[in-house]
Amino acid sequence: MAPASLHAQQDAISSTQAQDETVEVADPYRDDPQVTPIPEGAVGGMGDINLYPRRIIVDRRQRIATVGLYNRVPAVGEYEISVRDLVMTEEGGLVALDDPRAAPTLERLDAASHMLRWSPRRVRLLGNEAQTVRIMARPAADLPDGEYRSHFTVISVPDTDEGLSIEDAAGGAAGNNGIGVVIRPRFAISIPVIVRIGETTLDVGMEPATVIASDDGLTLRITLTRSGTRSAYGDLIVTAPGISEPVALARGIGIYPEIDSRTVELSVGPTWESALRAPGTVLTATFVDDDVNPGETLASQEIVVP
């Protein structure tokens with residue numbers, strides 16, 4: 001399997017230039033706006049919006065959750081809110097269901113979109129303003145035990161009012177004779193919404209790691225394996241004897257139920273890289289849970305530098 005992720009990435013987060021989508025009718029409801037600093041733990045992408053928390057997990061007893069939206073720039077922003085289904089590829093990426101890369105794992109996806117309700121579905125935020133969106137799960141009474149997942153998605157709405165008429169665009173105002181094309185990117189950011197029904201299971205392992213030494217530094221290629229009925233989510237930490245802090249670290253590594261393994265590449269920090277190149281140096285890689293039992297070791301192995 002090809003390596004899927006690099007350095008401290010939040011794999012559950014997708015920030016892309018969104019394609020045109022059909023968005024449901026705007027809901028004018030909104031909570032009282034607040035001017036607030038960026039909330040701790042918020043995640044952001046290429047656009048101007050932050051979401052918090054990083055993940056939403058609900059079950060039959062706790063069916064309602066909230067997601068915070070934060071406009072981190074001074075300008076006013078308008079955003080469409082939707083829930084869409086994404087599938088994790090064997091390389092660890094998240095793609096839409098109609099993407100060809102989804103084919104190998106699509107059949108194993110248990111989507112949650114059909115049971116999710118949320119409000120509002122469109123918001124307008126002043127600069128540095130935050131707002132809460134409520135999301136609720138309505139699982140059927142006979143839904144089999146397991147984990148179901150969709151992705152809460154916020155897409156920025158570009159400002160189309162630039163004061164140009166057709167005549168202006170044709171060159172009347174600017175004195176040009178041609179017609180130009182304006183491309184307005186629509187940035188999106190997503191976080192997973194996970195619905196867990198009944199008892200779920202998880203077993204995580206780690207295949208023997210590969211050490212790659214090159215002129216660019218020391219890199220560790222580590223493959224995490226997963227089995228059971230729920231996803232794995234945690235931090236991959238590499239330590240070395242005599243060094244009090246991690247020499248390599250990747251936070252927020254997720255392995256969703258539609259895949260059985262995920263390969264991660266970690267670069268050893270430049271502070272220690274030269275010292276740890278010595279053959280026989282023993283490193284310890286640990287995958288630490290950040291989900292059901294935060295802080296619990298899910299898998300660990302020693303890595304000997306060749």
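This is a predicted model: local features need pLDDT of at least 70, side-chain atom pairs count only at pLDDT 80 or more; totals for chains, interfaces and linings use all residues.
Colleague: Thanks! How many helices and strands does the protein chain have?

Modeller: The protein chain has three helices and 23 strands. These are DSSP runs numbered from the N terminus, with helices being H or I of at least four residues and strands being E of at least two.

Colleague: And what share of the residues is buried?

Modeller: 45% of the 306 residues count as buried. Buried means under 20% relative accessible area, exposed means over 50%, and partly exposed is in between, with a 1.4 Å probe and protein chains only.

Colleague: What about contacts across the sequence?

Modeller: Taking contacts between residues at least 6 apart in sequence, 72% join residues at least 24 apart. A contact here means heavy atoms within 4.5 Å.

Colleague: Let's look at sheets. What is the strand order in the open sheet of four strands?

Modeller: The order is 20-19-22-23, with antiparallel pairing. Two strands pair if DSSP finds at least two bridges between them.

Colleague: Which strands stand at the edges?

Modeller: Strand 20 (248–255) and strand 23 (297–304) do, and each has a single partner strand, so one side of each is left without a neighbour in the sheet.

Colleague: How do the inner pairings go?

Modeller: Strand 19 pairs with strand 20 in the antiparallel sense over six bridges, and Y233 has G254 as its bridge partner there. Strand 19 also pairs antiparallel with strand 22 over six bridges, where G234 is partnered by D289. Strand 22 (residues 282–289) is then joined to strand 23 by seven bridges, again antiparallel, and T284 stands opposite E302.

Colleague: Why is strand 19 described as largely enclosed?

Modeller: Six of its eight residues are buried, so strand 19 is largely enclosed by the rest of the structure.

Colleague: Which residues have the most contacts inside the largest nonpolar core?

Modeller: Those are I222, L236, V238 and F287, in a core of 33 residues. A nonpolar core is a set of buried Ala, Val, Leu, Ile, Met, Phe, Trp, Tyr and Cys residues joined through side-chain atoms within 4.5 Å. Several strands each supply at least two residues of this core, including strand 9 (86–88), strand 16 (202–206) and strand 19 (232–239).

Colleague: Pick V238. What is it in contact with?

Modeller: Leaving aside neighbours within four places in sequence, V238 is in contact with L220, I222, P246, V247, A248, L266, L283, T284 and A285. There is also a second, separate core of 29 residues, and V43, I81, A137 and V193 are among its members.

Colleague: Where does strand 21 come in?

Modeller: Strand 21 (residues 261–267) is mostly covered, with six of its seven residues buried. Seven bridges join it, antiparallel, to strand 18 (residues 217–228), and L224 stands opposite R262. T263 is in strand 21 too, and T263 is buried at a relative accessible area of 2%. The T263 side chain makes a polar contact with the side chain of T223 at 2.8 Å; that term means a pair of N or O atoms within 3.5 Å where, within protein, one must be able to donate a hydrogen and the other to accept it, and residues adjacent in sequence count only if both atoms are side-chain atoms.

Colleague: Changing topic: which peptide bonds are cis?

Modeller: A cis bond joins Y52 and P53, with omega about 0°, and P53 lies in the loop between strand 5 (49–52) and strand 6 (56–59). The bond from S119 to P120 is cis as well, with omega near 0°. P120 is in the loop between strand 11 (116–119) and strand 12 (122–125).

Colleague: And what is phi for N128?

Modeller: Phi of N128 is near 60°, a positive value in a residue other than glycine. Most residues other than glycine have a negative phi, and most peptide bonds are trans. N128 sits in the loop between strand 12 and strand 13 (129–137) and is partly exposed, with a relative accessible area of 25%.

Key. Residues are numbered from 1 along each chain as its sequence is written. Side-chain values use heavy atoms; hydrogens and water are left out.
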